[in-house]
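Please keep the structure open beside the text while reading.

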Amino acid sequence: MDKKIILTADRPTGKLHIGHYVGSLKRRVELQNEGNYDELYIMIADTQALTDNFKDPMKVKDNVIEVALDYLSCGIDPTKSTIFIQSQIPELFELTTYFLDLVTLSRLERNPTVKTEMKTKDYDTSIPVGFLCYPVSQSADIALFDTSIVPAGEDQSPMIEQCQELVHKFNSLYGETLVSPTIMLPENNSCRRLPGIDGKAKMSKSLNNCIYLSDDETTVNKKVMSMYTDPEHLKITDKGHTENNPVFIYLDAFATDEDFKTYLPEYKNLAALKKHYEDGGLGDTTVKKFLAKVLNAKLEPIRNRRYELEKDIASVYNILDEGNKKAREHAKKTITRIRRALKIDYFSDNTFVTKQQKRFNNEHKKREEYLAYLAKTRK
Ligand code: ATP
Ligand code: MG
């Protein structure tokens, strides 16, 4: 089991945004193209999306194809990566059930990402159990595919820790069966948790503060011009803050020295632009216009590829169907191993029935011996 297996997922709760791109998607494409892996899985987590969207299943259904289109337009190649849909792999839900025995309610309630998400959803005391348990089901997604690497954003660190704990507990109770994963965070700090255009800590489909990969040029321009910046930088002459300023965080994540040469040659690089803003004398509009150009240049080829892919939706569903079949093959192999470890492999081991018979035969023998002894002593 020393294979290098990569797995990541996205919830089909909306189209993918630039936070997904820098947090995980870009890395997946790089890993895929470097080719230094044995299997690469990309899962569309529809069952997880239902945990907080159960009232609107059509939203989840429609977004499965949107997410698949985003993958393909960013360069995910189905001949190298397996794209599949979570709900189509029943073995995932079986492993979730076994994992649920190995975790306590208080442990689930301590998960910091779930805590933050619960606040935004106003769950307070009435949390749907499925939602509270999604880190367990996510651990099953990771463990079932023998995943060693999960390229993801910072919000996923508590999920990977939960998975490591469950794998450790499973292996120590039932013998070495599952692989423990590690998270692969983006090297660039600004990419680990890209803030929303409203300045909120995280760009998130559920918070409606995103620039989507498929937004057209006008929409990107509008969204960038409306972005939250430094609230203390009111006049151009004011000294500004670049730290915790989403516009500069996005530039950290996207702008290259080449972009400065092309779109803003007055500045050599981002450090020079930041210094001018911090010293005072540089307006938000100049910075935002530059950011919009950088983003549009990055998104243009992605948008164009998406437009072409949208002309043949049947082929995209076909890719998902094929991916489901391939993923299921792996899932079946792992679940066989798991059932054996849990001693519930009744019909796959042909020596099992014989062994059980022997156990009964021994019992019978003992009983007969005892009866014979009684008959003898009564005489
Ligand atoms: P939802 O609001 O439905 O939870 P989301 O926008 O948080 O949606 P997910 O599908 O939960 O997106 O996340 C998919 C992947 O993208 C994860 O690896 C996650 O870490 C990463 N990711 C999501 N948002 C960001 C972000 N703002 N910055 C960096 N990475 C992100
Ligand atoms: Mg999320």
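In this predicted model, helix H4 (residues 90–100) and helix H8 cross at roughly 120°, their axes coming within 8 Å, and the two helices are therefore oblique to each other.

**Helix H8 and its packing with H4**

- The crossing in which H4 passes H8 is right-handed.
- On the H4 side, the contact is made by Glu91, Leu92, Leu95, Thr96, Phe99 and Leu100, while H8 contributes Val136, Ser137, Ser139, Ala140, Asp141, Ala143 and Leu144.
- Sorted by class, the residues of the contact of H4 with H8 comprise eight nonpolar, three polar and two charged.
- Helix H8 (residues 134–144) has eleven of its eleven residues buried, so H8 is largely enclosed by the rest of the structure.
- The buried residues of H8 include Tyr134, Pro135 and Ile142, and also Gln138 and Asp141.
- H8 is followed by Asp146, a residue with a positive phi, near 55°.

**Packing of H3 with H14**

- Helix H3 (residues 57–74) packs against helix H14 (residues 284–309) at an angle of about 125°, and their axes are 8 Å apart; that angle makes H3 oblique to H14.
- H3 passes H14 in a crossing that is right-handed.
- The contact draws on Glu66, Leu69, Asp70, Leu72, Ser73 and Cys74 of H3, which meet Ile302, Arg305, Arg306 and Leu309 of H14.
- In the contact of H3 with H14, five residues are nonpolar, one is polar and four are charged.

**Strands E1, E2 and E3**

- Strand E1 (residues 5–10) runs parallel to E2, and six bridges join the two strands; among the paired residues, Asp10 has Ile44 of E2 as its bridge partner.
- Strand E2 (residues 39–44) also pairs with E3 in the parallel sense, over four bridges, and here the bridge partner of Ile42 is Ile83 of E3.
- In a regular strand the side chains alternate between the two faces of the sheet.
- In E2, Glu39, Tyr41 and Met43 point one way and Leu40, Ile42 and Ile44 the other way, and all are buried.
- With six of its six residues buried, E2 is largely enclosed by the rest of the structure.
- In strand E3 (residues 82–85), Thr82 and Phe84 point one way, whereas Ile83 and Ile85 point the other way, and all of these residues are buried.

**Gly196 in its loop**

- Gly196 belongs to the loop between strand E5 (182–184) and helix H10 (217–225).
- Its relative accessibility is 0%, so Gly196 counts as buried, since the cut-off for buried is under 20% relative accessible area.
- Gly196 and Leu207, eleven residues apart in sequence, are 8.3 Å apart in space, taken C-alpha to C-alpha.
- When its neighbours within four places in sequence are left aside, Gly196 is in contact with Lys202, Met203, Asn209, Pro246 and Tyr250.

Conventions. Residues numbered from 1 in each chain as written. Chains lettered and ligands numbered in written order. Predicted model: local features only at pLDDT ≥ 70, side-chain atom pairs only at ≥ 80, totals over all residues. Heavy atoms only, no water. Axes fitted to C-alpha atoms, helices over the stretch in contact; angles between N-to-C directions. Parallel < 35°, antiparallel > 145°, perpendicular 65-115°, else oblique. Left-handed = near helix turned anticlockwise from the far one by under 90°. Contact = heavy atoms within 4.5 Å. Nonpolar A, V, L, I, M, F, W, Y, C, P; charged D, E, K, R; others polar. Buried < 20%, exposed > 50% of the residue type's maximum accessible area, 1.4 Å probe, protein only. Pairing = 2+ DSSP bridges.
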